[in-house]
Amino acid sequence: MSTVTPAWPSLHRRPTGRALYVGLTGGIGAGKSEVARLLAAHGAVVVSADAIAREVVAPGTEGLAAVAAEFGQELLDAAGALDRAALGRIVFTDPLRRARLEEIILPLVAAEAWARLEAVPAGRVAVYDVPLLVEGQMEGMFDVVVVVEAKLETRLERLDRRGLEREQALARIASQASDAERRAVADVVVSNSGTREELAMAVSRLWTEQLAPAAD
């Protein structure tokens with residue numbers, strides 16, 4: 001079942017002179033990206049941290065050069081692109097190595113993401129789809145924090161369909177913030193353990209009751 005649990009009844013005060021900034025987060029396999037897609041369909045401008053993270057380590061970038069210098073040139077394929085799967089096997093089993101990767105990548109991602117959010121016109125809804133919102137202590141940057149969560153077994157089933165083995169999936173889940181830590185900073189919790197249709201209804205309610213720009 002998919003539900004929306006607001007921490008407050010409605011958003012009474014909206015920012016003036018800029019977009020409404022929404023931080024959207026959730027653990028791997030929870031369905032955060034699907035919620036982002038549904039919000040975009042309602043009219044939100046979505047900025048994806050994952051997409052930017054890929055851009056800042058594209059061939060020829062300073063980000064890729066820094067990653068290769070830190071983790072080894074063998075992580076580059078014949079075309080000079082980053083082997084993300086090989087890098088993931090390193091950092092998701094070694095917290096220190098993961099922290100080092102984040103030191104390199106996160107400032108690059110944050111600078112580009114914030115520039116894109118600030119470019120969203122006033123009166124619109126700007127959603128930052130970011131998995132490490134809690135880990136990066138970013139909750140204070142947003143007018144609304146939306147957390148997507150799902151039951152553990154549901155997440156594992158989804159990750160299995162993506163080709164991630166159970167042990168790898170559990171390691172990635174363990175490397176992220178817990179559901180309790182995310183709930184502690186949430187203004188709205190979207191539970192996504194049901195069908196896509198139920199999730200679509202829940203996001204529609206979230207948009208209508210909490211996020212939609214006021215009618216002119």
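Colleague: Which residues does Y128 touch, leaving out those up to four places away in sequence?
Modeller: In this predicted model, Y128 touches V22, G23, L24, V47, S48, A49, V109, A113, L117 and F142. A contact here means heavy atoms within 4.5 Å.

Colleague: What are the ground rules for the model?
Modeller: Residues are numbered from 1 along each chain as its sequence is written, and side-chain values use heavy atoms, without hydrogens and water. As the model is predicted, local features need pLDDT of at least 70 and side-chain atom pairs count only at pLDDT 80 or more, while totals for chains, interfaces and linings use all residues.

Colleague: What is the mean pLDDT of the protein?
Modeller: The mean is 91, with 93% of the residues at 70 or more. pLDDT is the predictor's confidence in each residue, from 0 to 100.

Colleague: Where is confidence lowest, and where is it highest?
Modeller: Strand β1 (residues 2–6) is lowest, with a mean of 61, and strand β3 (residues 45–48) is highest, at 98. Helices (H or I, at least four residues) and strands (E, at least two) are DSSP runs, numbered from the N terminus.

Colleague: Back to the core. Which members of the largest one touch the most others?
Modeller: V67, I105 and Y128 do, in a core of 36 residues. At least two residues each come from α2 (49–55), α3 (62–71), α4 (84–91), α5 (95–118), β4 (125–129) and β5 (144–149). Helix α5 gives the most to this core, six residues. Apart from this core lies another, of 21 residues, including L20, L39, V148 and V190. A nonpolar core is a set of buried Ala, Val, Leu, Ile, Met, Phe, Trp, Tyr and Cys residues joined through side-chain atoms within 4.5 Å.

Colleague: Which residue other than glycine has a positive phi?
Modeller: Q137 has one, near 55°. Q137 is in the loop between β4 and β5 and counts as exposed because its relative accessibility is 67%.

Colleague: How is a pocket defined?
Modeller: On a 1 Å grid over the protein atoms alone, a pocket is an open set of points where a 1.4 Å probe fits, with protein on both sides within 12 Å along at least five of seven lines; lining residues have an atom within 4 Å of a point. Points are joined across faces, edges and corners, and the volume is the space filled by probe spheres set on them.

Colleague: And what lines the second largest pocket?
Modeller: The second largest pocket is about 230 Å³, lined by A85, G88, R89, F92, T93, L164, E167, Q168, A171 and R172. Both α4 and α7 supply at least two residues of this lining, with α7 giving the most, four.

Methods. Buried < 20%, exposed > 50% of the residue type's maximum accessible area, 1.4 Å probe, protein only.
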